[in-house]
Amino acid sequence: MDISTRAKLKDRPSGPQGALSDLVASDSKAVSVKKITGKFKSKTIIQGIDLDIADGSITAIVGPSGCGKSTFLRSINRMNDRIPGWSLEGEISVFGQDIYGPDTDLLSLRRRVGMVFQRPNPFPMSIEENISCGIKAHHLAPRSHIKEIVRARLEEVGLWKAVSGRLKESPFQLSGGQQQLLCLARALAVQPEILLLDEPTSSLDPISTQQVEELLREFVPELTIVIVTHNLAQAKRVADSVAFFMNGTLVEFGTATEIFEDPRFPETKRYISGSFG
Amino acid sequence: MDSLPRLAVNQAGDTTSVSGLGSVLWWRRAWVKIGGTWTKVSDRATPAVTAIMAVVPFVALILIGVFLFKEAFPAIKVNGVNFLTHSKWSVGSEYANPIKKSGVSIPVGATYGAWPLVLGTLEASVLALIVAVPVSILSALVVVEKLSSRVSHWVGACLEILVGIPSVIYGLWGALTLGPFLSHHLGWVASHVPNVPILRFFRGPTYNGEGLLTAGVVLGIMIIPIVASTSRDLMRQVPQSLKDGGRALGMTDSEIALKIVWPWVKSGVVGATFLGLGRALGETMAVLMTSGAVLGTTAHSIFSNMNTIAATIVSQLDSAQTDGTGFAVRSLAELGCLLILITLVCNVGAKLLLRRFGTTTVAGATIAANE
């Protein structure tokens with residue numbers, strides 16, 4: 001992905017797109033989830049989830065607290081693997097490849113499926129190194145190009161002007177919003193194909209939130225984005241399709257328009273209208 | 001105070017039991033009139049008592065320093081710079097009449113040079129750090145990142161037990177087991193090390209195993225628990241969100257350890273290392289039992305007998321007390337001053353180093369506050 005294509009994409013209309021069936025053509029699935037059930041010890045956290053995420057779209061996952069949204073998201077890049085007592089049945093494929101299969105390279109999976117977390121988590125190293133460490137870890141570019149890439153990624157997230165003079169300094173002096181943008185740039189630096197966002201704006205102020213949302217719209221369709229959010233308005237603003245989770249199951253999945261304007265299930269309707277959650 | 005404090009027990013009319021505990025704790029209910037107002041004794045006393053308690057360590061430090069220096073002063077005057085540069089350590093003649101030097105009476109032939117001891121102390125401590133620091137950091141990392149919480153709990157308990165083992169036990173093990181073992185198994189290697197500068201230091205006969213290497217390794221093992229348990233506690237404080245961030249970026253465990261965990265803990269680990277160094281510098285018994293406790297010569301190889309300041313003070317105190325002029329004891333006191341000075345320099349060095357590394361800690365605090 002280069003910057004110039006990104007720039008052109010800014011003119012792309014944002015907001016809810018066409019019908020779901022158009023979005024998920026069989027050959028354009030970025031993530032295909034088949035009947036997954038995840039358990040922590042004997043407690044079922046997510047159950048029987050079937051979901052196809054279209055390549056180049058933004059999918060929002062909404063639902064009340066504790067409904068398994070984050071757990072589901074973290075199964076897509078296998079971040080739950082380390083949790084003692086965690087087990088997952090079913091199949092998740094990323095671009096047709098079963099990621100829980102025996103020949104999955106976990107490191108390259110996580111490079112392809114990037115993640116940004118709820119709270120900004122810049123590493124305890126300089127701003128520049130925060131971006132470059134992933135590139136170096138995956139040998140994505142020769143050393144001589146790294147400075148350029150760092151700059152490009154920072155420009156992409158709109159952070160370059162703010163930090164260009166202090167690339168060697170600690171990222172912890174940046175504001176929360178800037179730190180989150182840095183984490184976004186860090187995730188982008190390893191050229192992911194899919195980006196998972198776990199409530200990325202829940203700890204940010206409204207202006208930073210808007211900034212992140214606008215960026216997300218710029219990143220598609222080169223990037224497939226899955227965003228877990230508590231904020232229904234945010235889902236409405238950025239998502240092409242929306243999945244509504246409740247009690248560990250997928251209640252309804254459809255285009256943003258369908259979910260927000262004409263939900264099929266009463267639970268969805270009640271949640272959307274703000275009756276609970 | 002315009003009048004002497006007057007004491008009144010149970011001024012509030014409280015007539016509860018005066019037997020048993022109540023009678024012992026009578027002062028808690030006592031009131032005293034100071035400057036015209038009645039005040040509860042315990043209210044007045046608490047700040048005073050805590051202030052005294054708080055000052056005790058400071059006063060103790062000053063007193064130790066002052067008295068040691070006072071004891072050592074005549075020796076400092078007589079021994080001069082030679083104390084630091086010369087190697088010969090001799091109490092002199094017991095039988096000849098003492099002579100006067102710089103106004104201090106000393107036995108004929110008494111000469112005190114602490115250079116081998118200073119060097120020995122530093123060599124053994126540095127060797128101990130070389131042994132202890134890598135082992136400690138790696139074991140802490142394994143305990144925090146790799147082992148299940150149950151196993152790491154047991155490993156932690158073992159570390160704490162290791163801290164509590166008396167140094168004489170370490171010394172005994174070093175003298176009876178480790179020394180002979182090293183001597184036996186390194187003998188061939190040591191005799192085949194090329195005779196060139198630097199490497200020469202690792203060449204030579206291994207004798208019976210008592211010497212710098214054994215002392216250093218025993219010291220190292222003794223400080224492993226200190227450095228390891230501190231490092232482990234520090235590594236536990238690395239926010240999970242940072243490690244998750246690294247993992248989500250596709251970093252390997254070693255990359256996460258090196259690039260995320262290490263920068264986060266390094267200042268603390270440096271501090272822990274100096275804590276261990278402090279212990280190594282001052283350790284007496286284990287060194288005495290494993291070093292060969294030779295006087296008057298520096299170690300010319302890592303297998304040579306040697307001695308440290310602390311071990312010398314202990315081993316020489318007995319014979320020093322037979323010196324009728326008291327000069328030998330004063331020289332040992334000077335040795336004590338020197339050890340305090342070295343420890344002090346190391347501590348200040350640690351503080352300065354920590355200040356240099358300080359930014360990471362500040363960053364840590366920032367994130368911790370956000371969590």
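Q: Before we start, which conventions apply here?
A: This is a predicted model, where local features need pLDDT of at least 70, side-chain atom pairs count only at pLDDT 80 or more, and totals for chains, interfaces and linings use all residues. Residues are numbered from 1 along each chain as its sequence is written, with chains lettered from A and ligands numbered from 1 in the order in which they are written.

Q: How many helices and strands are there in chain B?
A: Helices (H or I, at least four residues) and strands (E, at least two) are DSSP runs, numbered from the N terminus. Chain B has twelve helices and seven strands.

Q: What span does helix α2 of chain B reach?
A: The expected span is 1.5 Å times one less than the number of residues. Helix α2 of chain B (residues 41–79) has 39 residues and reaches 55 Å from first C-alpha to last, close to the 57 Å expected.

Q: And where does a kink lie in α2(B)?
A: A bend is the angle between axes fitted to the seven residues ending at a residue and the seven starting there. In α2(B) a kink of about 45° lies at B:Ala72, shortly before B:Pro74. After the helix comes B:Gly80, with a positive phi near 60°.

Q: Which residues of α2(B) are buried?
A: Buried means 20 or more other C-beta atoms within 10 Å of the residue's own, exposed means 12 or fewer, and partly exposed is in between, with C-beta atoms placed from the backbone. In α2(B) the buried ones are B:Ala72, B:Pro74, B:Ala75, B:Val78 and B:Asn79. Across the 371 residues of chain B, 36% count as buried.

Q: What about the largest nonpolar core?
A: In soluble globular proteins, nonpolar side chains tend to be buried together. A nonpolar core is a set of buried Ala, Val, Leu, Ile, Met, Phe, Trp, Tyr and Cys residues joined through C-beta atoms within 7 Å. The largest one here has 151 residues, and A:Ala185, A:Ile225 and B:Leu219 have the most contacts inside it. Helix α7 of chain B (residues 212–236) gives the most to this core, with 15 residues.

Q: In what order do the four strands of the open sheet in chain A run?
A: Strands of a sheet pair through backbone hydrogen bonds, either parallel or antiparallel. Pairing needs at least two DSSP bridges between two strands. The order is β2-β1-β4-β5, with antiparallel pairing. β2 (43–54) and β5 (97–98) of chain A stand at the edges, each with a single partner strand, so one side of each lacks a neighbour in the sheet.
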